[in-house]
Each structure stands twice: as C-alpha cells, then as structure tokens.
Protein chains: 2
Amino acid sequence: MQKISDIAGVTEITPDAPISGRQHGSRAKCLQRLIRMGLPVPQTLALDVGTVRGIAAGQFPDTAQLLGVFPDGTLVSVRPSSADPDWGGPGTVLNIGMNDARHADLSQRIGRPAADALYRRFIQSYATEVARLDADLFQDETDIAAMCAAFEAETDDPFPQDPARQLADILRAMARAWEGTSARLLRQAKGAPADAGLGLVVQAMVLGVGDPAGGEYGSGVIQFVSSATGLPQITGRYLSQSQGREALLPGAGALYLTRDARGAALEDLAPDVFDMLQTHGAACRQRLREEMQIEFTIQGGRLNILDAVRVRRTSRAAVRIAVDLADDGVIPRDEAVLRILPRALSDLLHRQVDPEAHTDSFARGIAASPGAATGRLAFSARAAQAYAAREEPCILVRRETRPEDVRGMHASVGVLTARGGITSHAAVIARGLGLPAVVGASQITIDRKARALTGPDGRRFREGDVVTLDGSTGRLIVGAAPLLEPALDDAFQSLLSWADDLRDIGVRANADTPAEATQARRFEAEGIGLCRTEHMFFEDDRLTVMREMIFAERTEDRAAALEQLLPVQRADFAALFRIMRGQPVCIRLLDPPLHEFLPADRTGMMDLAGALGLPLAQVGERIAALGEFNPMLGMRGVRLGIAVPEIYDMQARAIFEATVESGTGVVPEVMIPLVSARREVELVKARVDAVAAQVRTATGEDFAYRLGVMVETPRACLRADEIAEYATFLSFGTNDLTQMTYGLSRDDAGRFMGAYVQQGVFTEDPFLRLDLDGVGELLTMGAERGRRTNPDVILSVCGEHGGDPESIAFCRAAGFDYVSCSPFRVPVARLAAAHLAIRDRGFPGAKPPDR
Amino acid sequence: MQKISDIAGVTEITPDAPISGRQHGSRAKCLQRLIRMGLPVPQTLALDVGTVRGIAAGQFPDTAQLLGVFPDGTLVSVRPSSADPDWGGPGTVLNIGMNDARHADLSQRIGRPAADALYRRFIQSYATEVARLDADLFQDETDIAAMCAAFEAETDDPFPQDPARQLADILRAMARAWEGTSARLLRQAKGAPADAGLGLVVQAMVLGVGDPAGGEYGSGVIQFVSSATGLPQITGRYLSQSQGREALLPGAGALYLTRDARGAALEDLAPDVFDMLQTHGAACRQRLREEMQIEFTIQGGRLNILDAVRVRRTSRAAVRIAVDLADDGVIPRDEAVLRILPRALSDLLHRQVDPEAHTDSFARGIAASPGAATGRLAFSARAAQAYAAREEPCILVRRETRPEDVRGMHASVGVLTARGGITSHAAVIARGLGLPAVVGASQITIDRKARALTGPDGRRFREGDVVTLDGSTGRLIVGAAPLLEPALDDAFQSLLSWADDLRDIGVRANADTPAEATQARRFEAEGIGLCRTEHMFFEDDRLTVMREMIFAERTEDRAAALEQLLPVQRADFAALFRIMRGQPVCIRLLDPPLHEFLPADRTGMMDLAGALGLPLAQVGERIAALGEFNPMLGMRGVRLGIAVPEIYDMQARAIFEATVESGTGVVPEVMIPLVSARREVELVKARVDAVAAQVRTATGEDFAYRLGVMVETPRACLRADEIAEYATFLSFGTNDLTQMTYGLSRDDAGRFMGAYVQQGVFTEDPFLRLDLDGVGELLTMGAERGRRTNPDVILSVCGEHGGDPESIAFCRAAGFDYVSCSPFRVPVARLAAAHLAIRDRGFPGAKPPDR
C-alpha cells in the first residue's frame, strides 16, 4: 500500500489529520468530524483547493499512487467539497476503477446483474462527464459490451481500462466544471467570492449490492426531523441492493424506514442497523449542532456512513429546528437567532403556493407583496366590493391603482396591476395591508371594457374567473392552486422574543388603519412610525365630503366641510390609539396632491357633479386646474398645509381630541411631510401648537405631543440643522428621498429598471435596496446636522426601506433610534436588528457551522 | 449773530467744516463740495444723524439760537440729507420763519402778491407736515387771514408766529416722518440698513420773487445731458418770479433755458447767469465725477446754487453717461463698468413700452421674458404660422406650451400663457428666443374652442385682435402701445468690451437654433454652453420621422427612421458650428421623455394614425403606454439613451460628421443629461467613442471632442467623484437640480410660489435666484468631488440661473470655468462677472459716489 504522505495536496481523513474547511472544503471537514465521533466512515482522501486548481490547469497528482493507498481492487467515488455546500459543484461520480477485469471479478463475487449495474453506471458517468457525450446515447442499452462499443464509436477510443487514468480524467472533469462560467455565476449569486475554490474527496466505495446470503445490502438516506415543519420525524429512503443517492429517487421501490403497515421497513429488516442510525443521528445533532441528513450503505449487514449534510428545510422548519436546538441546550439562543435569515421569515407570515404542487402559470409580474391568494378576478373597486359583499374572495385587477382604489383593495384578497414597480401605489398599499400583490405584469393585456385580461400566450380570463396570485414569486396561476397556511407558531414567537432581547434599535410599523395597527401589535411593533392620513379619506362617505372641501370656493364652505371631517378623523385616531394601547403613534399630516381625491373618469365626474350640484363642465375644469405635470413634485405635503392651513388645523385638532378621548396616555407624534425649508416647519408648528392650546383649554385636559418632520427632500437633509431646531424628531422618508436624489419616479421607473439592473447601471433597484452611496450619504448628513443643533432629536427611517436588513444596519450604524416598516416586515426587521447586535458583539459563528 | 459752534450737532457748511456723508448725509456733503468749488451756495447748516434722531425723541437743539446764525429776518428751508439719496425721505419745507410781521415787511419790499405767495406756501406746508391737516383744506383759499383762521378752526391754536417754534416743529415732523414704518420699509427695500439715519440741512432762503426792477428773479433746474439718452443736451426748466422745485412742474409757464424760436429763454433774459450755469455744470461734472442736475435761484440778477443731485436717467442714458465720463478721463473704465447695474442692461436689449405713454392694461401675468411686442392674438401654433405667412405679427396664446408649440413660438412676436412659472417651458423657450413672454396669467380665461380670452374685468379678445404684451412688467395692454426701440449703441458695446477686459469667468450662451446662435455671437458669448437637441425635432417634417422612430416596433424600422433623421441633425450641427466659427459648442443628447414628441389631442392623434397607417386605437394605446405619472422623473435623459441606444448613436454620428463637414476646427462637446450613476456615463461614453472612431475611419479625418455630464440630480453631485473619472466636463443644470433638491416641479410651483415667497417660506423663488444654502451646497460638493478625481475637469452652470449675478458670484467663488445662459442674458452676465472681478480687486467705489 502507498503511503499517503508521499502525495502532495492529498490527505487521508483521520481524526488527527490536518483537514480544514477552508482548504479541503466543508464535506471533507464534516467527514473528519464523523470519523472523530467514531462513525463507520469508509477510507477517504481529501484533495485540497490548491491541488484541484492545479488539476484544472493540468498538473496532476499521481493517481496511480493515490489509488495505491486503498486496498487493491477498491472502487472509489469522488465528491465535491467546497467551502460552503450551498455554492453547488459538480456531481458525485461513483465506481471509479470499474473495468472489464473488475467486472469479471465482481460478477463472480456479487453476481453478474449487480456487477453489470455498477459498470453500467460508471460508463454512463464517464461518458457524460469526461467524454461529454450525450446522456441519451446509452438510454436503451443495458449490455456492457454494447455500451463500450457505442462509446468507442463516438470517441474513436476504447473505453479506458486503467483505473489511474479513469480517476485522473474524472478529477480533471470535476475541477474544470467548477471553473466553468455558468457554475461561477451560479455560486457567486449565492455569495461565493470570486476566487472560491473546490476541494474533492476520494472515498472507497462500499458496495450496496451483493449476495443477500451475506446479510443485508443496500443504501439510503435518513433524517430525524421533517424538512417541511422541522418537527421530529424519521424520514428518508432506503433501497435494498442499491448504490448511491440517485438510486433513491421516488418510485425506485424503496423500503420504508420505520415500521409501517403498508410494507416492509428497514426497522424490521435490520433492527440493529436502524438503532445504530438513530444513535448516530442523535450524536450528530449534539456534536455537529445541527439536524443532519445521513447517507449510508449497508454492506453485508454492516452499516457504513458515507456522508452527512444539513437537512434541507423550509423557512418554517428552519425556525423550529433552531429553536429546538436552543431549547435542548445544543446551541445558545443568539446562535439560534443568527441561524434564521431575516428575509426567510416573510415566507412564514403568509400563505404560500405549495411548492410540491403542480400548477399552471399563465403570466408573471413583479412579486410586490408576499403571500398567495385565490379568488375571482374583479376589474374595478366596485366589482371587488360586490364580491366582498357576497363573501366571495376576489383579486382586484387594475392597470395601475389610484388612491380611490384603496377601498377595492380592502375588499380583495390580492391585487394585480399591469403597470408600476415594487414601490408603486398598489405595491405599497398591498404590503401595508398584508395583501398579496403582483404588479407591473406587463405581459398581460387588460381590456377594461370587456372586463377581461389576456395572458402572453393568448389565454383570456374574464371577471369572475378564479385564479391564484403568488405575490412571493410574481406568478399568476390558473384556478385554485393548493396553498400552505402561515406558520406563526410557538417556535416563531420564541425566536422573535429572543431577537427582541438582543437587538438595540427600535422597530415600529407603518399602519394607516385599525386593521394594520392590529397587525402591527400582533407582530409586536413598538408603536406606529408612520400613519398616512390620506387613506382615511377614501371611504365612500368621507370622499364626498373631502371633495366638497376641495371644491369649496369660500373659506366658510371649506370650514363646514372640514367640520364634517373632524369627528371622522378623531374617531380614526382614537381607534388607533386604543389599539396601540399608549404606544407612540406618528401621524403624518395630509400629503398627496388634492387632485388625487378627485375622480379620474367621466362616470366619476358625473357622479361628483351630481353630488355637488355643479355643472359637469365646471367640475371638469376644476379637476383640470388641479392637475399637475409632475404631481410628485407639486402642490402636496406641507405646501398644501401652508396654502390651505385649515386642513392641518383640522387634523391637529382631531389628533389632540382623540388623545384626550382615548384616555390611553398616548403621546401622539405629528409629522409634517415634504419639508424643504425651515420656515415651513415654523409656520405649521405655530398653528399646531395653537390648536393644542385650544384643545387643552376646551377639554380642560393636559396632554403631551411631539412635532417632527418627514425628511424626504434632499434639501431637508442638507438643511437638517435648521429644521431640527423646530422638530423633536426627524423621520427619513426614503421612498421620496430616493426619487428625488435620483430624479426618478418610482411609478415610472419600471420601464427601464430591469434593463438598468441588468446592465449594471444600478447594482440593485434603489427602491428595493437603500442606495447607501447617494441616498445614504444624505441620510447620514441629515442625521449629523440634525443632531448638531438638537442633540436629543429622535431619528428614524419610515420609507419602504425600513424593513430591509441592510438599511437597518445602515440606520443602526448612523445611530438612528428606530426603523418603521409595513407590519408584515416587522418580524423581519426585529430579527435583522438582532443579527446586527449579535455580530457587533463579536459572535464567532457569523455563518451556520460547517456541515 | 450766534456762533454756530455753540450748538451741538449743528455745523455750518464751509469748505473746511467737518462734514461727512455718513454723519450729515449725502446732500450736506454735496453742498460742501459745491461750496469748495466756489459756487454761490446760500448759507447752510447741517444737522447730523444723531441730532435728528434726538429730535425725533424730543431732544431739541435751541432753534432760536440756530436761527440766530442767519442774518436777522432770514427765511430758511429744511431739506432731508440721508446717506444715500435713493433712500427717500421727507419733502423739503421752504419759507420757515414767515409770520404776520415778516409778511408785512416783505409786502413792502417785494410786493403783496409775492409776499402772499411765500406765506401761503409755508402755511400749507406747516398745516400738512406738522399739524397733519388735510391738504385739501386750503385748496380754494388764497387769502392769508382766511387761511390762518381756517388753521385755527381746525387745530384750536392760532398759526404759530415764532420762527424758532416753527423750525422746531418742522424739524420734529421731518425727523419723525423718517422713523415711520412705511418710510422705513420703503428705504429698506432700496437697500438701506435697519439703522439708517437722516441728516437735515437748514439753508437760508434766497427769494426768487421780487421787484423786477432790481434785476431778474426766479428759480429753475438745469442739467446738461438728456435723461432719456444720456447724450449732451441742456434741459430743465426756469420760471421767473418763482420759488422752489415744486413751482417748476410742467404747465407752470416756464421759460425755455436755451435760445428758442418758440419763446423767451433764460439764455436771452440773463445771458451772464446762463453762462455761469454752464460753467458750474462743467465744473460739477469734473469735480463730482457725475452728471448733476442743478437747482438754482436768481435773486435780483444774482445766481444762487441751492442744491445739486445726480441726473435721473434711463438705463440707456446711464450707460452713455458712464462711458462718456470714462472717455473724457473723468472716471476710470472700471468705475464706469461698476456704475451700471447688470440687471439694468436687459432694458437695453429689448423693445420697451414707452413709460411716458398712456396705456390700457387689461390683465397681468408673470414677466417671464423681457421686451414688449404688439401683435394679433393667435390661439394655436397653426394660427401663429398662418399669421407669420401673411407677415402679420402675432402673439401666441396657450394655456401652457408644449414642445410641439415651439414652431408656433418661432412664428410669433410674443408668447402668453395662463399657466406655468418663470421657468416653465414657455418661459425658458421664449427667453432663449429673445421673445417677450408673459406666463402664468391666471387672471385670464382662455376659451380655446371660441379662440378668445377674457380678462378679469370681463373684456373679451378674439383671435386676430391686436394687443401689446410687456414681458418686462407682465402687463397685457389693449391695442398697439407706443414702443421704444432697443439701444445696442456704441456706448453699450464699449462698456461691455471694457467688462470683458476685466472679468475672469467665462460666459457662454444656451442656444438651440441658428437664430439663437446668431444672437449668442452678437452678444459675444464665448461659445454655446447648452444646445438642447430636442427642439430640433419639432419642425413639421422631422416630427413625423421622429414619431415613426418612436412607433417602430422592430430595431430595423427604428434604424430606418434614425437614418432619415441623421442628415437633418448633421445639417443642424454644421450650421451651429459655422455660426460659432470654431468656438466650443456643447450639445446635450436627447433629454425629454419620448411621449413629448407625440400629439396630445385627438386631432393630432388622427393625423399621426393617418401618417403611420395605423388604427387610431393602436396609436392611442401606444401614446397612453408612453405616458408617465411624473415625466420629469421618468424615462428621459440618459435613461432613454441606455434603453434606446440607437438615438444617441445617431446624434453622436451627426455631431462628428458635422464637425468634419463644417471645417471650422470646432471641438464639439457631447453632454449626457440626467446622469445619476457612474455606469450610465461609462456605457454612453463607450458607444460615443465607438461612433467617433467609425466617423474618423469613414471620413479619414481626425477631430477632437469632449464628453461630459450634465449634473442635474442630487445624486450626480454626491457621486461627482466617480462620474468625473469619465467626464472632461461637468455642467450643472441648476433648473432640474433645484427641482429635485426641493422636490418641486418648476411647472407646478406657480400655484403656491407666490404665497411661499410672501410668507417668507422661501426668501426668493429658487428658480429665479439660485438657492445657495441647499442647491448651492450640492454644487460646491459636486465641484469639489469632481475635481478630486479629475483636477482638470471643466466646471460650468448651464441652468436658467447662469445669467443671474448672484449665481455668477457663487460660481466664480467656487472656481467654475464658465456660466451659460440664454443669449439675451449674456450681456448681463458679462457685466456682472466684471463687477465681481473689480470688487475682488478692492475697488474703493463699490457704489456710485456721493451726489
């Protein structure tokens, strides 16, 4: 036998061998751990990353010498071993060393059919991986000689018989596959560095086929928790007289693992082996601090452990496994928290299309609000409300949504639009409502008159047709797809409560309605960071009064309309305060341009003309006069508040009266939107303070409140020092700030954002991922300058980015007090914030442990 | 006689007396200069600012003692003397000291009517200025006794007879008038500091009335240049037997000054006095370094000089006077340059409504582009073109203009819109064309169908009616108002050539068309700083091809359309290069959203559908699909260039082929608009460089060009360091940058900008005056960061602010290389830049000299 120390870059895996995850890959390291635990692992050699890189470049170790390490005539397998198992890599190749001589030998020892199977398998692997022949070539061929002949006919070379050459060819093929462009792009997409290398392990084959007289032969995989739920459950497959994972595909006629009324089970067939597997599984869990799936082969009744990998798992299972490991004392709580990716949580909060189910997808759009919903297509808010009245779930379909569609959205279980991006009106509102949404589905054509939509393949769906909308993937599915329910179980609650103990930045929710506030409490937000008041005016009864207010020509008419809106607003705020039970509620004064409250189409205009008793022409003229070239940059926010101060007066009064009425001791926060100059704040503050004084006098009750500014123009960031003199808090609205910093409307960006991200103009859509370079600098500048004049100023982010882990990291680093995001992102934010705090404290295991 | 040195705060003006403009005011100082020159100035005392302030507070000098300085029985006048004559002040009061006794005495010496006139005048002054009685009280009363009785009836006091008390009362009234709120606001509006004080002069009256036997009596004013033109011309008025300026109002039956066929003249009546006045005038001009208007009184044939003030003058006269003074060696050239306010120049460049003429104004709007024009109202571009074809001047009236109205603007002599602000499309284009414009005239109602407009008073004007539009004041005038022609005479040319010698920052023009380029050369711009290419596509023949390009579904159709546009663009650029004769021309690649090129109304859509052979519905759908919520923030600029790169390819080719073809040796500058990320520049640069290489190969000619970036998003300022790595120049587009920094559309700001400026939210409209605090900081940041990575990067401003003196000061301080503005602002910018350079070199007379 050769001595392994003679071959540079090749190390035999023994308990004390110098194996490292970085040099030899995670599989090699994991096998060493199994060996140290005394598990029966076949003899295995590890080739380090440098050696494999050399192989790709043509510098080979002496493969004959390498094979000499194993007992004579041993077949070997080669498996990839990269630093992170998620990075992928070439497939495992089994049975290297098979040739005519060994075939003849094995035919005698284990019978001709078993020997044929082993040889056939190797010829196939070699032909496709090394000789790059079409896999179909041998499809209907089972005869070995015929296969070798076919191989020779294609390649002009006889099938190689020298095991050393076979091994060299396989090693080179695997090393080169790793360097291929598509493999590189794939692993980089999963976070691998550009210079990530591949290790390989060469393991002695244990034969899972043989004479049953010599005991049980077969191979299998086993795990001890459910991949779907993470709950304890022995699951896997076992097949007598088989070799390798691939043989274990469904339908291969496997045995049950545990005793089962439906048929034979390993537990009965080889009870000792089964017990041993359970013992090994428990040991792996304890020592490797993880739920592992074990690959094993039984050779003549003797158990061999070939490999072990982390159990694949859904997000839901991941939470359960991490929490159980912590509860069992296997890992500390902070490690359990760290093991769950924040983004993964959103899968748990919503219904999902069952990933196992067969579905018929007819179009795709942008996945704008996660979750899946099945319902009847409704092409107008009115139709949606009609379905809701009949308690039939429906999906609202609009070219794009406007504020007046919000009531239709409330009536729907999902929203579909053909235009707009990830931060379009439809997307933002849907996320706030926790409503699944697909937006910007430009593939579909909507025929509003016919109340029908047509998919890219011409299939047509009419109002009332049932479809399933998957807001997590952007898919639109024909009919009712099978859905999985959300999983806010005790494990989820435990994990988040641990996260709360660990994190050091606040998390609030953006919530406009009692329903959203209830969600916010359910997800344990520490208050409302952004309550947009405009949606409150879109209920049918209020909208008419709002329109009267807008059309009022005289101050007293306007006052009368506002007088009608006051009790409604007060009730809205009181309800929110009660739901939030004294937690802070930050209310943004009216923001959008007034014309958003007016009807856009002729029917709506006629209705309005009727309600107001005005000629249609006059209504039309007035609406046209309120129209703007760029409403985003027009008469809205504080500009409205200064031009028509009665509106903010009414809102402030409603807030303060609700504060007194609710009796919750809430300290309401009044936020001024779209500020660009100090004087705007000064003017509004003077009036709000005056209203507060009036309410104090009128009610005889004292109350506290805070007045602050929504910082969403670049100028407000630049001049934050003077603005902060009048503000107790600055809340950065990163949506609008991003729009203005880039000069880019979120509603219009959809037309080129795809191309821009693809061509690397923007590395990411800045509406999805906070632009740290540009917008981020303005945020930092605003925070620093604000604190310069007002060291106690409360800083927060309340845009769509508030729930994004990277943005939270940024805000935490800049010393912000809290982030605010839509209720359904609150758990994500709580977890992400905990991760940051844990990492900052120097937790060693910033990644899940090596497998 | 009293000794003057006994009275604190009162100084007799003698050649050596310690009189200062700061302490005693400019009138006192000027009088001392006249006395030093030996001019016959009556005895005069000066009260300093502190003394007058004391008087207002009730602390009086001893007025009896003060009057004792003058010969017994002398009447005196009191005149205001503030530090700057432009600050205004109380009116002069004459004849103090008149009472019944002196009246009787004078009646004997100069006759009863003359004595009556003097007394009557004083009673009136005292009654209105001191007793605050209604000026109408004595309207029809000429009898002295009756006047005194009326005075007593109103005040319950007899008319005061003590000269010392009279003087004290007058001094107090004048001191207090100065402190009044409206006087303070008025002078602060003219630049006076908050603590500006008033000096007073008390002068012995010289009687302009008396016995003609004793020689000529009378008073007058004379100046030696025309106030309208500044050319030498003796002008003024003289009235025998009169007293004070007020008597010299037109219609008072004055004499001619110079010999005149139409009647008697001072030159004949008192030739010695006339000669002496001419000598004194010349002396004043030399010693006071200014054209002065002299107030004089002739008493018994003896000339007395009472006062001298700077000649009032039009902007045109100001230029002529300054240039003549410099040419005559009276003042240096830099002082002449400094004496002309840059803003005053724009009056000279355009026709003006004659300020003396009576006009009937029916509405007002925003004065958006200076100059006046008379023409027939035209309510569409087509109508305007029809008038132009008949060579009838017309004024284009639109609710607001769109790019497709540009050809109508070319056909008009003025533009009127009902919507939009100072930087609306109509305003910007009109200024570029030098076309008078009034925009945002929200008082008028336009009835497009009836082709008529209605003013706020109900007067209605139809298409074809003649009106005059005054873009300098915003007035709309019924009919053809008398106009004054522009004055680009030799004095104007001299002044600007001196300014060019002095200034140290470049001035270029924004010019899109050959007409504008010609203007730019006429005003001696140093090149074109911004050539917007979009206007080139609005000619009728091109617009159709442009629309075909936009509607092209296949790349080859688009290429075919662009192939048609190429020669047209090439010819455009070649023409510009030839006009500019090798001076640099900076061409901005296509910027606006494509849908701006499409028709907005049904008729236009039907025409287009016909031209393209497409169904109307399809054209409508396509136009709707190109529509945007916020076009300003949408698919435009470099986004268009990256999404449809063939457009920029075509433009680059046209630029480079025109460079070769024009043979002017021009180094064209290619500017990329709306950049927000480095990679945008990288991508466009790669393609432009490739096109340049192709043109070099195809033509066999070498040429140089520069590629740069229009910095107009806040992000481009923040990331200027990385952007400058790929740019040879950065040109800051302050219009869009202001829009994005404030989150404020220039087209929509009109609705509240008035209220905002009024309430002090913005101290000035940031589209008119560069916002130094916010936008300015971004500019500074962009400039610094750009130079950090590219020290040779050329920096400029090409927005509307480019011609504003404050902005030029800012750019100069930040080390910018040039500013670019509309051609008609080029002279203003040249002069403003010279002012800055002169002041920086510490020129002592930063203001015109004391009068």
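Helices (H or I, at least four residues) and strands (E, at least two) are DSSP runs, numbered from the N terminus. Two strands pair if DSSP finds at least two bridges between them.

This is a predicted model, in which local features need pLDDT of at least 70, side-chain atom pairs count only at pLDDT 80 or more, and totals for chains, interfaces and linings use all residues. Residues are numbered from 1 along each chain as its sequence is written, chains are lettered from A and ligands numbered from 1 in the order in which they are written, and side-chain values use heavy atoms, with hydrogens and water left out.

In chain A, four strands make an open sheet in the order β7-β6-β8-β9, with antiparallel pairing. Its edge strands, β7 (232-240) and β9 (302-310) of chain A, each pair on one side only. Within this sheet, β8(A) (residues 292-299) and β9(A) are joined by 8 bridges in the antiparallel sense. Ile294(A) has Ala308(A) in β9(A) as its bridge partner.

In chain B, strands β6 (residues 218-225) and β7 (residues 232-240) run antiparallel and share 7 bridges. Gly220(B) has Tyr238(B) in β7(B) as its bridge partner. The two strands, β6(B) and β7(B), form a hairpin with 6 residues between them, and Gly230(B) in the turn has a positive phi of about 80°.

A disulfide is counted when a pair of cysteine sulfur atoms lies within 2.5 Å. The count over all chains is 0.

| Cysteine | Nearest cysteine sulfur | Distance |
|---|---|---|
| Cys284(B) | Cys30(B) | 7.0 Å |
| Cys531(B) | Cys586(B) | 8.7 Å |
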